[in-house]
Amino acid sequence: MTRRDLLLASAALPLAAETPPLSGEKALMKLKLGNRRHAESRPLRPHQNMTWRMSLTQAQHPFACVLTCADSRVPPEFLFDAGLGDLFVVRVAGNIVDDAVLGSLEYAVEHLHVGLIVVLGHERCGAVAATVEGGASHDHVASLLKAIQPAVEAARRQKGNLLENAIRENTARAVRQLQSSRPVLNKAHDEHKLVISGGVYDLDTAKVDWLS
Ligand SMILES: [Zn+2]
């Protein structure tokens, strides 16, 4: 198939650029349905063929942002059964919020008009576990542990499993940080143009436990 054939074939199909933007609520529902397919081992693996890929060469219109951990077991496109151009993903160990993360998300909200940000923590997160264990670090890992430390302190005051509570707390705190982040995210959130939600991915069930 030549490039011209591909372009002609793609002209008959919906292009990425023609996909209407989704509200934050609808985007969240789409992620929930995708995660259900993933957890039930019946993924559609959408938006991965060449026609779709070519429709994305000049622009992107992701329907959601996901801030999650760098852990190799939690790639959002798999967990939410999504494809190319669907998710604007920011990944950093422990899904912490720093200025680079905020700048990336602000770009997606301001310029790509994404209406949903999901912070996704995950079970048995090594970055949170290292913070719980309190190991001193003299390298750049120290900055990660420092960012996660307040969540661990809050979890120490809670009943139940310390690591599980710290992971949930770390996720919830990141959600609150984004909701109050000036000047872009808090404004979009306050004006109901942006939904900011959180969840924790269960490695055993492959399901996301959404925070209330
Ligand atoms: Zn992790």
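This is a predicted model: local features need pLDDT of at least 70, side-chain atom pairs count only at pLDDT 80 or more; totals for chains, interfaces and linings use all residues.
Leu120 stands opposite Gly199 in E4. Residues are numbered from 1 along each chain as its sequence is written.

Strand E3 (residues 116-122) runs parallel to E4, joined by seven bridges. Ile117 has Ile196 in E4 as its bridge partner. Strands count as paired if DSSP finds at least two bridges between them.

## The hairpin to E5

E4 also pairs with strand E5 (residues 208-210), antiparallel, over three bridges. Tyr201 is bridged to Val208 in E5. Six residues lie between the two strands of this hairpin, and Ala206 takes a positive phi near 70°.

Five strands make an open sheet with mixed pairing, in the order E2-E1-E3-E4-E5. E2 (87-91) and E5 are at the edges with a single partner strand each, so one side of each has no neighbour in the sheet. The twist averages 25° from one strand to the next. Angles run from 0 to 180 degrees between N-to-C directions, with axes fitted to C-alpha atoms, for helices over the stretch in contact.

## Packing and burial

Helix H8 (residues 162-179) packs on the sheet. H8 touches E1 (64-68), E3 and E4, and its direction makes about 165° with that of E4. Contact means C-beta atoms, placed from the backbone, within 7 Å.

E4 (residues 195-201) has six of its seven residues buried, so the strand is largely enclosed by the rest of the structure. Buried means 20 or more other C-beta atoms within 10 Å of the residue's own, with C-beta atoms placed from the backbone; exposed means 12 or fewer, and partly exposed is in between.

Notes:
Helices (H or I, at least four residues) and strands (E, at least two) are DSSP runs, numbered from the N terminus. Two residues are in contact if their C-beta atoms, placed from the backbone, lie within 7 Å.
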